[in-house]
Amino acid sequence: MLACSSVHCFREDKMKFTIVFAGLLGVFLAPALADYNINVNDDNNNAGSGQQSVSVNNEHNVANVDNNNGWNSWNSIWDYGNGFAATRLFQKKICIVHKMNKEVLPSIQSLDALVKEKKLQGKGPGGPPPKGLIYSVNPNKVDDLSKLGVNIANMCRGIPTYMAEEMQGASLLFYSEKCFTTNILWIVNISFCGEKVEY
């Protein structure tokens, strides 16, 4: 066996320590920065909600909700960093962007806690009724997606994108236009109303 000089042995030991330290750091840090995912199934599919999944990315301060229901599928991204949310309606081939109402939408911390604790897993419409928001969709296309943040710009790039404004105190019962409603994890119903979402 070859003998090593004290400098050479020190370098080997330092390299081994660095590798072990980096490995342990990855093991303990990964859960804190990871995306958390949850799937919610609507087995009866009475309301046509299909299967939903949510992922929370604490590092980027973003939550993503996917609703898979055939032709009525949609994807929503909540960018807590810039205060905007966007929903992509696949059947209509459009994106709708709106300011997040932080009084109604759950904070990223509470959404993250629900996902980590799996409190939404298998839950259905048996709890308290979801909160509701109604938005009026502006018929003019958004020209510059970059002002909405990189996450929304990436999701909506290449498809017509419209801004929507919250209708305070509105009720769907008295709204004259057609609306598309997204039921998000039995937490909140968001309705988008206007000519661009009519079927």
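Look at strand 4 first: Trp-74, Ser-76 and Trp-78 point one way, Asn-75, Ile-77 and Asp-79 point the other way, and all are buried. Buried here means under 20% relative accessible area, with exposed being over 50% and partly exposed in between (1.4 Å probe, protein chains only). Since 6 of the 6 residues of strand 4 (residues 74-79) are buried, the strand is largely enclosed by the rest of the structure.

A quick word on what you're looking at: this is a predicted model, where local features need pLDDT of at least 70 and side-chain atom pairs count only at pLDDT 80 or more, while totals for chains, interfaces and linings use all residues. Residues are numbered from 1 along each chain as its sequence is written, and side-chain values use heavy atoms, leaving out hydrogens and water.

Now for the neighbours. Strand 3 (residues 62-68) pairs antiparallel with strand 4 over 6 bridges; pairing takes at least two DSSP bridges between two strands. Val-62 sits opposite Asp-79 of strand 4.

In the hairpin of strands 4 and 5, with 4 residues between the strands, Gly-83 has a positive phi near 80°.

Zooming out, the chain has 3 helices and 10 strands, counted as DSSP runs (H or I, at least four residues, for helices; E, at least two, for strands) and numbered from the N terminus. Of its 199 residues, 38% count as buried.
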